[in-house]
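Q: Can you walk me through this one? I'd like to start with the aromatic rings and then look around.

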Amino acid sequence: MSSGASDKGGILIVDDMEENLVALEAVLGPLDQQITRAHSGEEALKAMLRQNFAVVLLDVLMPGMDGFETAANIKRLDQTKDVPIILLTGTDAASDFAYRGYAIGVADFLTKPIDPWVLRTKVDVFLELHRKNRRLAQQAAELRRLWTDSAPSEDHLGQAAELLNRTEVLLRRCADADAAGLAVRVAEIARAVRSLQGR
């Protein structure tokens with residue numbers, strides 16, 4: 001999937017063991033994204049406040065602030081609450097680990113040893129969602145600009161209708177019930193804008 005640099009979202013990998021970070025970087029390297037390392041929950045939170053990430057891979061068992069506490073802190077901050085988190089843990093994980101993670105709001109939970117193909121595929125899904133969300137935000141900003149710059153002219157209405165059509169297509173491609181509902185609403189707005197053109 002080729003996309004501009006502006007659509008790229010970084011990946012934050014968090015683990016207290018250097019060899020695990022090296023392994024994660026090797027597995028995720030083919031995705032051609034910026035990968036940032038953190039060796040603790042505290043480092044992860046600092047990194048998230050400095051940079052935007054498309055997804056976080058977070059080890060559960062770390063000294064100090066463990067993965068659950070780190071994930072809970074990420075989800076509490078307005079700036080980072082929507083960033084998807086994948087929790088990673090060893091095979092001897094407690095049976096309630098997955099439940100605890102989902103209760104906090106993590107997106108997924110994987111047990112080590114992790115299949116590299118599965119991990120890359122899951123991360124790539126979140127990267128694609130990040131790209132689509134960025135494009136939707138850009139289109140929404142463009143629509144706002146069109147409507148606030150001046151009274152809507154025939155040209156503005158045409159541009160707005162085109163942006164709405166592209167937004168609807170992006171929403172329909174998302175595998176999400178909320179996105180499908182939004183796509184229907186966007187299509188209704190696009191029809192209303194087109195009817196204004198024919199005044």
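**Rings, helices and loops**

Q: How many aromatic pairs does the structure hold?
A: The structure holds 1 aromatic pair. Keep in mind that this is a predicted model.

Q: Which rings are they, and how are they arranged?
A: They belong to F68 and F97. The ring centres are 5.2 Å apart, and the planes sit at 75°. Planes over 60 degrees apart count as edge-to-face, so this pair is edge-to-face.

Q: Why give both a distance and an angle?
A: Because a pair of aromatic rings is described by the distance of the centres and the angle of the planes.

Q: Where do F68 and F97 lie?
A: F68 lies in helix 3, and F97 lies in helix 4. The pair therefore ties together parts that are 29 residues apart in sequence.

Q: Buried or exposed, those two?
A: Both F68 and F97 are buried.

Q: OK, the helices themselves. At what angle do helix 3 and helix 4 pack?
A: At about 15°. Helix 3 covers residues 67–76 and helix 4 covers residues 97–104, with the axes 9 Å apart. Angles under 35 degrees count as roughly parallel, so helix 3 is roughly parallel to helix 4.

Q: Which residues make the contact?
A: From helix 3, F68, A71, A72 and K75. From helix 4, F97, R100, G101 and I104. So the two residues of the ring pair are in this list too.

Q: What classes of residue are in that contact?
A: The contact of helix 3 with helix 4 has 5 nonpolar residues, 1 polar and 2 charged.

Q: Which hand is the crossing, left or right?
A: Helix 3 passes helix 4 in a right-handed crossing.

Q: What about helix 2 and helix 3, at what angle do they cross?
A: At roughly 20°. Helix 2 spans residues 41–50, and its axis comes within 9 Å of the axis of helix 3. Helix 2 and helix 3 are therefore roughly parallel to each other. The crossing of helix 2 with helix 3 is right-handed.

Q: Which residues make that contact?
A: Helix 2 brings G41, A44, L45 and M48. Helix 3 brings T70, N73 and I74. By class, the contact of helix 2 with helix 3 has 4 nonpolar residues, 3 polar and no charged.

Q: Why would residues three or four places apart in a helix point the same way?
A: An α-helix has 3.6 residues a turn, so residues three or four places apart point the same way.

Q: How many residues of helix 3 are buried?
A: 7 of its 10 residues are buried, so helix 3 is largely enclosed by the rest of the structure. The buried ones are G67, F68, T70, A71, A72, N73 and I74.

Q: What covers them?
A: The cover includes helix 2, strand 3 (53–59), strand 4 (85–89) and helix 4.

Q: Which residue has a positive phi although it is not a glycine?
A: D32, with a phi of about 55°. D32 sits in the loop between helix 1 (18–28) and strand 2 (35–38).

Q: Is D32 buried or exposed?
A: D32 is at 52% relative accessibility, so it counts as exposed. The cut-off for exposed is over 50%.

Q: How far apart are A23 and P116?
A: In sequence, A23 and P116 are 93 residues apart. In space, they are 9.5 Å apart, C-alpha to C-alpha. A23 is in helix 1, and P116 is in helix 5.

Q: How accessible are A23 and P116?
A: A23 has a relative accessible area of 40%, so it is partly exposed. P116 is at 36% and also counts as partly exposed.

Q: Last bit, the whole protein. How many helices and strands?
A: The protein has 7 helices and 5 strands. From the N terminus on, they run β-α-β-α-β-α-β-α-β-α-α-α.

Q: How much of the protein is buried?
A: Buried residues make up 42% of the 199 residues.

Q: And what share of the contacts links residues 24 or more positions apart?
A: 60%, among contacts with a separation of 6 or more.

Notes. Residues are numbered from 1 along each chain as its sequence is written. This is a predicted model: local features need pLDDT of at least 70, side-chain atom pairs count only at pLDDT 80 or more; totals for chains, interfaces and linings use all residues. Side-chain values use heavy atoms; hydrogens and water are left out. Axes are lines fitted to C-alpha atoms, for helices over the stretch in contact, and angles run from 0 to 180 degrees between N-to-C directions. Helices (H or I, at least four residues) and strands (E, at least two) are DSSP runs, numbered from the N terminus. Angles under 35 degrees count as roughly parallel, over 145 as roughly antiparallel, 65 to 115 as roughly perpendicular and the rest as oblique. A crossing is left-handed if the near helix is turned anticlockwise from the far one by less than a right angle, and right-handed if clockwise. Contact means heavy atoms within 4.5 Å. Ala, Val, Leu, Ile, Met, Phe, Trp, Tyr, Cys and Pro count as nonpolar, Asp, Glu, Lys and Arg as charged, and the others, Gly among them, as polar. Rings of Phe, Tyr and Trp (its six-membered ring) pair if their centres lie within 6.5 Å; planes under 30 degrees apart count as stacked, over 60 as edge-to-face and the rest as tilted. Buried means under 20% relative accessible area, exposed over 50%, partly exposed in between (1.4 Å probe, protein chains only).
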